[in-house]
Amino acid sequence: MPDLYTSLTARYIEEHFRGVSPAASDVALEWMELQLAASCETGADERYLLEQYLGLTNDELQALPPPVHAWFLERWALAGPGTDDPEGVAQLGERIATMYLLAGPGIHQAAAVAALLAFDQKREQGPSHATRIWDLVTRIVPVEAHATTLAPLIEALLDFVYLTAENGAVLRALGDIARRDAHTRYALELMRERIAMVGEEREGPVARLVATFEQ
């Protein structure tokens, strides 16, 4: 049984993502976020909500629509792991990686990637938390569906390279994934397509990264 507070929040988000106009939906969601921020100076209420969301069963999570997942995962991206305990961060990261797959394709997948990149700020060594998605997909998804399932992960990372002022963590994540991709080359092919699409020069960030795997 979902926690009532979390269930009502999810229902409110779903209702206002289906609002009569984008402007009205934005106002309603901003109001809710302000209430969460004002309810406790420490942000404990929002932290409780986020942790309850990750604690829902797989069946409960699959019953939520993608916009609800997107809201919660975007808040995780803003909040970060909230702990310095490596084991605790790893457990939260693994659960967020599960969200990428659990709700099927949709806008929430990029939000899951953003949340895991935020977790990388607490990681001084080891692979990016975004590789958890890659490892999960290659472990449980049929081989013939790997390319399709992994594409949103790689595309999201490529988007963040060009949209983020400090893109070092994103490039590290792409590099970690490309190393896992030594045989299939899904990631490198999508990187090459993006380089061509944006007209990136040889000294551009993604072009330099791809070049390290072609030497």
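1. T149 lies in helix 9, where helices (H or I, at least four residues) and strands (E, at least two) are DSSP runs numbered from the N terminus. With a relative accessibility of 17%, T149 counts as buried; buried means under 20% relative accessible area, exposed over 50%, and partly exposed in between (1.4 Å probe, protein chains only). Not counting residues up to four places away in sequence, T149 touches Y100, L101, V137 and V141, contact being heavy atoms within 4.5 Å.

2. Basis of the note. This is a predicted model, in which local features need pLDDT of at least 70 and side-chain atom pairs count only at pLDDT 80 or more, while totals for chains, interfaces and linings use all residues. Residues are numbered from 1 along each chain as its sequence is written, and side-chain values use heavy atoms, with hydrogens and water left out.

3. Overall architecture. The protein has 12 helices and zero strands. Of its 215 residues, 44% count as buried. Among contacts with a separation of 6 or more, 63% are accounted for by residues 24 or more positions apart.

4. Helix 10. This helix has 13 residues and reaches 19 Å from its first C-alpha to its last, close to the 18 Å expected at 1.5 Å a residue; the expected span is 1.5 Å times one less than the number of residues. Its buried residues are V170, L171, A173, L174, G175, D176, I177 and A178. What covers them includes helix 7 (108-119), helix 8 (131-140), helix 9, helix 11 and helix 12.

5. V170 as an example from helix 10. V170 lies in this helix and is buried, with a relative accessible area of 4%. Leaving aside neighbours within four places in sequence, V170 is in contact with L117, L157, F160 and V161. The C-alpha atoms of V170 and D120 are separated by 9.3 Å, although the two residues are 50 residues apart along the chain.

6. Helix 11. The 13 residues of helix 11 (residues 186-198) should span 18 Å at 1.5 Å a residue, and the end C-alpha atoms are 19 Å apart, which agrees. A187, L188, L190, M191, R194 and I195 are buried in this helix. Seen down the axis of helix 11, these buried residues fall within an arc of 160 degrees, so they line one face of the helix; the arc is that of the directions from the helix axis to the C-beta atoms. The face turned away from the buried side carries the exposed residues A196 and M197. Helix 9 (146-163), helix 10 (168-180) and helix 12 (205-212) are among the elements that cover the buried residues of helix 11. Just after helix 11, G199 takes a positive phi of about 70 degrees.

7. Packing of helix 11 on helix 12. The two helices pack at an angle of about 145 degrees, with their axes 10 Å apart; axes are lines fitted to C-alpha atoms, for helices over the stretch in contact, and angles run from 0 to 180 degrees between N-to-C directions. L188, M191, R192 and I195 in helix 11 meet V206, A207, L209 and V210 in helix 12. By class, this contact has seven nonpolar, no polar and one charged residues, with Ala, Val, Leu, Ile, Met, Phe, Trp, Tyr, Cys and Pro counted as nonpolar, Asp, Glu, Lys and Arg as charged, and the others, Gly among them, as polar.

8. A loop position. A63 is found in the loop between helix 4 (58-62) and helix 5 (66-79). At 62% relative accessibility, A63 counts as exposed.
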